[in-house]
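Please look through the structure below before reading on.

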Amino acid sequence: MLSASRLYSFLDHKNGFNIHFLEGQKLIHDLVLLHPMQGSGFAYFRDTFLGILPIVFFLKPGESLGVYIDSNDPYFRLKIETNSAGHTRTLLLPEEFNYFPMKITGNVRVTKIFPGNKAPYTSVMELDQVNTKDVVNKIFNDSYQTNSEVIVSDIADQSIMVTKLPSLNVNSNLDDSDSRKEYIKKNKAFFHDIFEEGLTDIEKIVKAFEDKGFGYLGSRQIDFFCPCSHDRMVMNLRGLYSGDVDEIFADKDTVEVKCDYCRKTYQVSKSEVLAS
């Protein structure tokens with residue numbers, strides 16, 4: 001049985017970098033079961049999913065985040081929604097999408113929701129033939145304005161995000177420290193070894209990074225969770241189709257409604273939709 005996936009955070013205080021390691025093997029296993037895609041489409045789904053989820057580290061308690069990629073060339077819609085507790089849901093449409101795009105034209109929207117009914121923050125970034133692997137890093141650097149880069153493993157269902165910290169947050173003598181790219185290059189072999197080991201055990205993962213000199217900051221579990229419910233499905237149908245109820249039910253008393261995110265099905269009756 002696979003261990004629950006977790007996002008680990010480490011600090012390289014000497015060099016002024018945060019390292020965030022996503023162990024996502026259980027997540028991708030569950031993703032296969034939820035969205036039975038195959039081929040290049042699923043490979044793109046996997047890579048983008050593993051690339052974006054380290055963003056959970058930046059969420060404060062009670063905050064939620066949605067990342068929505070609307071690509072027009074090639075055409076697809078990717079949604080990833082997560083929160084500070086690591087509860088995540090995702091969707092790629094069309095379901096038969098089976099292509100790994102090299103470049104994307106469209107836009108990406110990032111929406112951050114705060115606790116206490118505060119107004120959400122939304123940023124929209126245009127994509128004009130942007131390299132696929134650069135889209136995730138564009139989100140971190142342009143929307144979140146962090147000096148970050150994500151490396152998605154080809155070996156294991158894992159990823160690493162490297163974030164260069166402002167000098168005022170670490171050692172004040174780091175003005176001449178490595179750039180993000182220089183730092184990644186110097187640690188390339190270590191990152192490769194971590195991916196190759198495919199560790200899932202918490203103690204072994206922490207030890208592997210601590211042996212390299214990183215300070216362990218903590219971790220949080222990342223899992224799939226969908227807040228859909230029967231009542232929500234009724235409300236959705238009521239709001240979208242209240243004027244065409246007869247057409248929707250087509251002489252039936254109930255219809256089956258499926259959640260696009262988690263694939264759970266609900267039986268919704270005509271009387272429920274018509275109820276005030």
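The points below go from the whole chain to single residues.

1. Basis of the note. This is a predicted model, in which local features need pLDDT of at least 70 and side-chain atom pairs count only at pLDDT 80 or more, while totals for chains, interfaces and linings use all residues. Residues are numbered from 1 along each chain as its sequence is written, and side-chain values use heavy atoms, with hydrogens and water left out.

2. Overall form. The secondary structure consists of 9 helices and 13 strands; helices (H or I, at least four residues) and strands (E, at least two) are DSSP runs, numbered from the N terminus. Along the principal axes, the C-alpha atoms fill a box of roughly 75 × 40 × 40 Å.

3. The protein has 276 residues, and 46% of them count as buried. Here buried means under 20% relative accessible area, exposed over 50%, and partly exposed in between, with a 1.4 Å probe and protein chains only. Of the contacts (heavy atoms within 4.5 Å) between residues at least 6 apart in sequence, 64% join residues at least 24 apart.

4. Surface and charge. The protein exposes about 14400 Å², of which carbon and sulfur atoms supply 49%. Such areas come from the Shrake-Rupley method with a 1.4 Å probe; for residues, only the protein chains shown count as cover. There are 31 positive and 38 negative side chains, and the centres of the two sets lie 4 Å apart. In this count Lys and Arg are positive and Asp and Glu negative, with His and the chain ends not counted; each charge is placed at NZ of Lys, CZ of Arg, CG of Asp or CD of Glu.

5. Aromatic pairs. A pair of aromatic rings is described by the distance of the centres and the angle of the planes. Rings of Phe, Tyr and Trp (its six-membered ring) pair if their centres lie within 6.5 Å; planes under 30 degrees apart count as stacked, over 60 as edge-to-face and the rest as tilted. By this rule there are 18 aromatic pairs. One of them joins Tyr44 and Phe76 edge-to-face, at 5.1 Å centre to centre and with 65 degrees between the planes. This pair links distant parts of the chain, since Tyr44 belongs to helix α2 (residues 39–52) and Phe76 to strand β4 (residues 75–83), 32 residues apart. Both Tyr44 and Phe76 are buried.

6. A further partner of Tyr44. Why is the pair of Tyr44 and Phe97 edge-to-face? The ring centres of Tyr44 and Phe97 are 6.5 Å apart and the planes stand at 65 degrees, so the pair is edge-to-face. Because Tyr44 lies in helix α2 and Phe97 in the loop between β5 (87–93) and β6 (103–113), the pair ties together parts that are 53 residues apart in sequence. Tyr44 has a relative accessible area of 1% and is therefore buried; Phe97, at 8%, also counts as buried.

7. A ring cluster and a charge over a ring. Tyr8, Phe10, Phe21, Phe190, Phe191, Phe209, Phe214 and Tyr216 are linked into a cluster by ring pairs. Elsewhere, the charged end of Arg89 sits over the ring of Tyr261, 3.8 Å from its centre. The rule for this is that NZ of Lys or CZ of Arg is within 6 Å of the ring centre and within 35 degrees of the ring normal.

8. Backbone points to check. Most residues other than glycine have a negative phi, and most peptide bonds are trans. Which peptide bond has omega near 0 degrees? The bond from Leu93 to Pro94 has this value and is cis; Pro94 is placed in the loop between β5 and β6. The bond from Asp73 to Pro74 is also cis, with omega near -5 degrees, and Pro74 is in the loop between β3 (64–73) and β4. Gln129, which is not a glycine, has a positive phi of about 55 degrees. Gln129 lies in strand β7 (residues 121–131) and is partly exposed, at 38% relative accessible area.

9. The loop between α3 and β8. Gln145 is found in this loop and has a positive phi near 55 degrees, although Gln145 is a residue other than glycine. Is Gln145 buried or exposed? With a relative accessible area of 67%, Gln145 is exposed. Thr146 lies in the loop between α3 (132–143) and β8 (148–152), and its 15% relative accessible area makes Thr146 buried. Leaving aside neighbours within four places in sequence, Thr146 is in contact with Phe58, Phe140 and Asn141.
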